Amino acid sequence: MKGFMEMKNRTGILHNEHDEAISMACKKFDEIHSNNDEPKWLKYCMSLNIVKNERKNWVVKFLIFPKPILEYNQYWDWQDDGMPLLIQVDPKTNKESIVICGGEPIPPLVLFEAEIDINNNHVIVLKDTKLNELDGSKYEINRQ
């Protein structure tokens with residue numbers, strides 16, 4: 001792919017820097033959380049964000065998204081394709097309508113963040129979270 005330097009990992013398989021940075025961040029995450037403190041639900045909710053910083057190093061973030069807080073007259077209607085629709089009920093008429101925009105998106109929680117220096121094979125942990133203190137019922141399932 002244009003714009004990515006390819007490199008060989010220890011097994012001799014070609015990877016680009018982007019994939020190598022993700023691999024290194026995941027390995028560091030697994031090292032830190034090797035004591036099995038990762039809740040079972042987490043793998044269904046976690047997303048990745050990866051960008052380069054001003055030092056040209058990759059920054060990998062492990063994210064989870066809080067569930068939106070519904071109003072008293074709102075509920076989720078799950079469609080056959082597995083996608084939810086936010087429904088609002090008029091308290092006077094009991095008429096239901098689809099909510100197109102429920103307001104500003106809630107920012108994700110960064111569980112883990114690492115800066116990856118590919119050239120020096122170095123991982124700097126910028127943020128880590130005590131995973132066993134998280135309540136899985138408060139976070140969205142990743143649908144991507």
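How many salt bridges does a search of the whole structure find? The search finds four. A salt bridge here is a side-chain nitrogen of Lys or Arg within 4 Å of a carboxyl oxygen of Asp or Glu.

Some ground rules come before the details. This is a predicted model, in which local features need pLDDT of at least 70 and side-chain atom pairs count only at pLDDT 80 or more, while totals for chains, interfaces and linings use all residues. Residues are numbered from 1 along each chain as its sequence is written, and side-chain values use heavy atoms, with hydrogens and water left out.

Start with the sheet. It is open, has four strands in the order β3-β4-β8-β9, and its pairing is antiparallel. Strands (E, at least two residues) and helices (H or I, at least four) are DSSP runs, numbered from the N terminus. Two strands pair if DSSP finds at least two bridges between them. The edges are β3 and β9 (122–128), each of which pairs on one side only. From one strand to the next, the twist averages 20°. Axes for such angles are lines fitted to C-alpha atoms, for helices over the stretch in contact, and angles run from 0 to 180 degrees between N-to-C directions.

Strand β3 is joined to β4 (residues 58–64) by six bridges, and the two run antiparallel. Asn49 has Lys61 in β4 as its bridge partner. In a regular strand the side chains alternate between the two faces of the sheet.

α1 lies across β3, β4, β8 and β9, and it runs at about 55° to β4. Contact means heavy atoms within 4.5 Å.

The side chains of Glu17 and Lys52 meet at 3.4 Å, N to O. Glu17 sits in helix α1 (residues 17–32) and Lys52 in strand β3 (residues 47–52), so the pair links distant parts of the chain, 35 residues apart. Which of the partners is buried or exposed? Glu17 counts as buried, at 10% relative accessibility. Lys52 is partly exposed, with a relative accessible area of 40%. Buried means under 20% relative accessible area, exposed over 50%, and partly exposed in between (1.4 Å probe, protein chains only).

A second salt bridge stays within the helix. Lys28 and Glu31 meet through their side chains at 3.5 Å, N to O. They are three residues apart in α1, so about one helical turn separates them. Lys28 is partly exposed at 25% relative accessible area. Glu31 is also partly exposed, at 44%.

Another salt bridge involves neighbours in number. Arg55 pairs with Glu54, and their closest N and O atoms are 2.8 Å apart. Shared partners then join Glu54, Arg55 and Glu115 into one network of salt bridges. Glu54 counts as exposed, at 63% relative accessibility. Arg55 is partly exposed, with a relative accessible area of 49%.

Next come the aromatic rings. The whole structure holds four aromatic pairs. Rings of Phe, Tyr and Trp (its six-membered ring) pair if their centres lie within 6.5 Å; planes under 30 degrees apart count as stacked, over 60 as edge-to-face and the rest as tilted. Phe62 and Phe112 have ring centres 5.1 Å apart and planes at 75°, so they are edge-to-face. Phe62 lies in strand β4 and Phe112 in strand β8, so the pair ties together parts 50 residues apart in sequence. Phe62 and Phe112 are buried. Ring pairs also link Phe29, Phe62 and Phe112 into a cluster.

Two further strands deserve a look. Strand β5 (residues 74–78) is joined to strand β6 (residues 84–89) by five bridges, and they run antiparallel. The bridge partner of Gln74 is Gln88 in β6. The two strands form a hairpin with five residues between them. In its turn, Gly82 has a positive phi of about 90°.

Finish with the cysteines. The structure holds zero disulfides; the cut-off for one is a pair of cysteine sulfur atoms within 2.5 Å. Cys45 is buried, with a relative accessible area of 5%. Cys26 is partly exposed at 29%. Cys101 is exposed at 59% and is found in the loop between β7 (96–98) and β8 (109–117). From C-alpha to C-alpha, Cys101 and Leu86 are 9.0 Å apart in space, and they are 15 residues apart in sequence.
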